[in-house]
Amino acid sequence: MESAIKENDMSVTHPNHVRKTVIVGSGCAGLTAAVYAARANLRPLILAGHEPGGQLSLTTAVENFPGFPEGIQGPELIQSMQRQAERFGAEYRQGLVTAVDLTKSPLELTVGKEMIHTETLIIASGASARWLNLPSEQALIGHGVSSCATCDGFFFPGKEIVVIGGGDSAMEEAIFLTRFATKVTIIHRRDSFRASKIMLERAQKNPKIEFLLDTVVEEVYDVAAQEVTGLKLKNLKTGKLWDFPTSAMFLGIGHIPNTQVFQGHLDLDADGYIKTHNNVFTNMAGVFACGDVQDRRYRQAITAAGSGCMAALEVEKFLEERGE
Ligand code: NAP
């Protein structure tokens, strides 16, 4: 029988309470790993992290996940995955890993005041929204500056809104925001796009969407008033500076991998993504990584799910080879 660990009391951490596997992150990759690990009777612990449900929980219609010909809402898809994992015995908990020791066996994770011991670890902590990092932008987060159209678009009915970026995220956000806004302006720093043809065309055909190209944001107004009233913009080709009135600025400029806690403990690439070989193996024994935290190329729900599955299968194999 497993011994109980009292919440918030490191002194009662029991050395015999060693989990078979812990999954850090509760997005598509982590929950798929949990379904597989739970069905293998490994009773995985899922630590939900600071963005429970990951990026799917912040998106609207998912039209490219096989099996849903009419599409499915991202939050609905992710909640179904969680229910599926829990049905087979996965334990789902809020919690942020604040420190790790991956040189020990069992591996050690600190979660708040609790120490968790585990034989294997699946890192599926994903990636978070990138910001422009202008002081005025940071000061107005939650006051008209947002990285989540589906969370905050609702607050700007009948307003004019700006979306920054030239990839699929920016197109998707802009299209979504036309539900609320009278006009959405996509501001992109170049005149060519990373967005897929179909998404770009949808945005271009939308009568409520306009584009400002070769343009960057220099400042967000009005920090003193604690609301967004406009932007100072700069055309990168002409150098022209001008003020552009808007009620909100949504960022759609990509993501940064959530690997801060693993820095110095695992091999990361120059941008902080976990380096993997054979799909999901990290440089540390018993530590596997899946989903956006290690994938800067595909970054799709289905590929994240696939790599989550691989990570759980490798955990099973690892434990088997250890004779468990
Ligand atoms: P992305 O493809 O990397 O695009 C990021 C965009 O933001 C680029 O246009 C980039 O400009 C711009 N950008 C980055 N940093 C900037 C900065 N500091 N200032 C101004 N602009 C900046 O990221 P994404 O759009 O989040 O997409 C990531 C992946 O998810 C892609 O594979 C995409 O296909 C996928 N995705 C799919 C869907 C869908 O199918 N429904 C929806 C969302 C995302 P440059 O082009 O100049 O570098």
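This is a predicted model: local features need pLDDT of at least 70, side-chain atom pairs count only at pLDDT 80 or more; totals for chains, interfaces and linings use all residues.
Some ground rules. Residues are numbered from 1 along each chain as its sequence is written, and side-chain values use heavy atoms, with hydrogens and water left out. Local features need pLDDT of at least 70 and side-chain atom pairs count only at pLDDT 80 or more, while totals for chains, interfaces and linings use all residues.

Let me start with β7. Strand β7 covers residues 107-111. Strands here are DSSP E runs of at least two residues, helices are H or I runs of at least four, and both are numbered from the N terminus. Is β7 mostly covered or uncovered? Mostly covered: five of its five residues are buried. Buried means under 20% relative accessible area, exposed means over 50%, and partly exposed is in between, with a 1.4 Å probe and protein chains only. Leu107, Leu109 and Val111 point one way from the strand. Glu108 and Thr110 point the other way, and they are buried too.

Now the neighbours of β7. Two strands pair if DSSP finds at least two bridges between them. On one side is β6, residues 97-101, joined to β7 antiparallel by four bridges. Valine 100 has leucine 109 as its bridge partner in β7. The two strands make a hairpin with five residues between them. Proline 106 lies in that loop between β6 and β7.

Threonine 118 in β8 stands opposite leucine 107. This hairpin has two residues between the strands, and glycine 112 there takes a positive phi near 60°.

Next, β16, residues 241-245. Which residues make its covered face? Trp242 and Phe244. Leu241, Asp243 and Pro245 make the uncovered one. β15, residues 230-235, joins β16 through five bridges, antiparallel. Glycine 230 is the bridge partner of proline 245 in β16. Five residues separate the strands of this hairpin, where glycine 239 has a positive phi near 80°.

The peptide bond from tyrosine 221 to aspartate 222 is cis, with omega near 15°.

Two asparagines next. Asparagine 41 is not a glycine, yet has a positive phi of about 70°. Asparagine 41 sits in the loop between α1 (28-39) and β2 (45-47). It counts as exposed because its relative accessibility is 66%. Asparagine 133 also has a positive phi, about 65°, without being a glycine. Its loop runs between β9 (127-129) and α3 (135-139). Asparagine 133 counts as exposed, at 54% relative accessibility.

Last, the charges. Arg130, Arg189, Arg190, Arg194 and Arg299 form a positive surface patch. Patch residues have over 30% relative accessible area and no salt bridge; like charges are joined within 9 Å, and nonpolar side chains (Val, Leu, Ile, Met, Phe, Trp, Tyr) within 5 Å. Lys and Arg count as positive, Asp and Glu as negative; His and the chain ends are not counted. A salt bridge is a Lys or Arg side-chain nitrogen within 4 Å of an Asp or Glu carboxyl oxygen. Areas come from the Shrake-Rupley method with a 1.4 Å probe, and for residues only the protein chains shown count as cover. A charge is placed at NZ of Lys, CZ of Arg, CG of Asp or CD of Glu.

Where is arginine 299? In the loop between β19 (287-289) and α7 (301-321). Arginine 299 counts as partly exposed, at 42% relative accessibility.
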